[in-house]
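Dear colleague,

I am handing over the structure shown below, and I would be grateful if you could look through it with the notes that follow.

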Amino acid sequence: MDGREFLSLAYELAAGGTAAHRRSALSRAYYAVYHRAFEALSALTAGLPRDHRGHERVQRSLQSCGDQSLLQAATVLRRLQTLRVKADYHLRDPHPERK
């Protein structure tokens, strides 16, 4: 499977009318970006773990590249991760449900 398929699903979910749709869209968008970054970095370097530690390592690797577009990608990834955590674990926080 190509992780970019998660992004297509995220758009479909975001168009849904419920809080669960929008929260799930955030989660799928995060994983689409994470998997794409993981694959790109894995092609350049070995040793990225494919587990919970890999998420932080992907962000740190993007930040340390020194390339402006990769720094921006790291910022987007971190922001999506923050929103995903809120969407998945902080169900009383309405922020992830906003369009």
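**What was found**

In the protein, 42% of the contacts with a separation of 6 or more are between residues 24 or more positions apart, where contact means heavy atoms within 4.5 Å. Please keep in mind that this is a predicted model, in which local features need pLDDT of at least 70 and side-chain atom pairs count only at pLDDT 80 or more, whereas totals for chains, interfaces and linings use all residues. Residues are numbered from 1 along each chain as its sequence is written, and side-chain values use heavy atoms, with hydrogens and water left out.

*Overall form*

The secondary structure comes to 4 helices and 0 strands, with the pattern α-α-α-α along the sequence; helices (H or I, at least four residues) and strands (E, at least two) are DSSP runs, numbered from the N terminus. The radius of gyration is 14 Å, close to the 13 Å that the globule rule gives for 99 residues, so the protein is as compact as a globular protein of that length. Here the radius is taken over C-alpha atoms, and the rule is 2.2 Å times the number of residues to the power 0.38. Taken along the principal axes, the C-alpha atoms fill a box of roughly 40 × 25 × 25 Å. Of the 99 residues, 33% count as buried, a word that stands for under 20% relative accessible area, with exposed meaning over 50% and partly exposed in between (1.4 Å probe, protein chains only).

*Helix pairs*

Helix H1 (residues 5-14) packs with H2 at an angle of about 165°, their axes being 8 Å apart; axes are lines fitted to C-alpha atoms, for helices over the stretch in contact, and angles run from 0 to 180 degrees between N-to-C directions. H1 and H2 are therefore roughly antiparallel to each other, given that angles over 145 degrees count as roughly antiparallel, under 35 as roughly parallel, 65 to 115 as roughly perpendicular and the rest as oblique. Residues of H1 including Phe6, Leu9 and Leu13 meet residues of H2, among them Ala25, Arg28 and Tyr31.

The axes of helix H3 (residues 52-64) and helix H4 (residues 68-89) come within 7 Å and cross at roughly 150°, which makes H3 roughly antiparallel to H4. The contact is made by residues including Val58, Gln59 and Leu62 of H3 and Ala74, Leu77 and Gln81 of H4.

Arg23 lies in helix H2 (residues 19-44) and is buried, with a relative accessible area of 6%. Leaving aside its neighbours within four places in sequence, Arg23 is in contact with Lys86, Ala87, His90, Leu91, Asp93, Pro94, Pro96 and Glu97.

Leu41 also lies in helix H2, and at 5% relative accessibility Leu41 counts as buried. Not counting residues up to four places away in sequence, Leu41 touches Leu48, Val58, Ser61 and Leu62. Leu41 and Ala87 are 46 residues apart along the chain, and their C-alpha atoms are separated by 27 Å.

Gln59, in helix H3, is buried with a relative accessible area of 8%. With residues up to four places away in sequence not counted, Gln59 touches Ala74, Leu77, Arg78 and Gln81. Gln59 and Leu71 are 12 residues apart in sequence and 9.0 Å apart in space, C-alpha to C-alpha.
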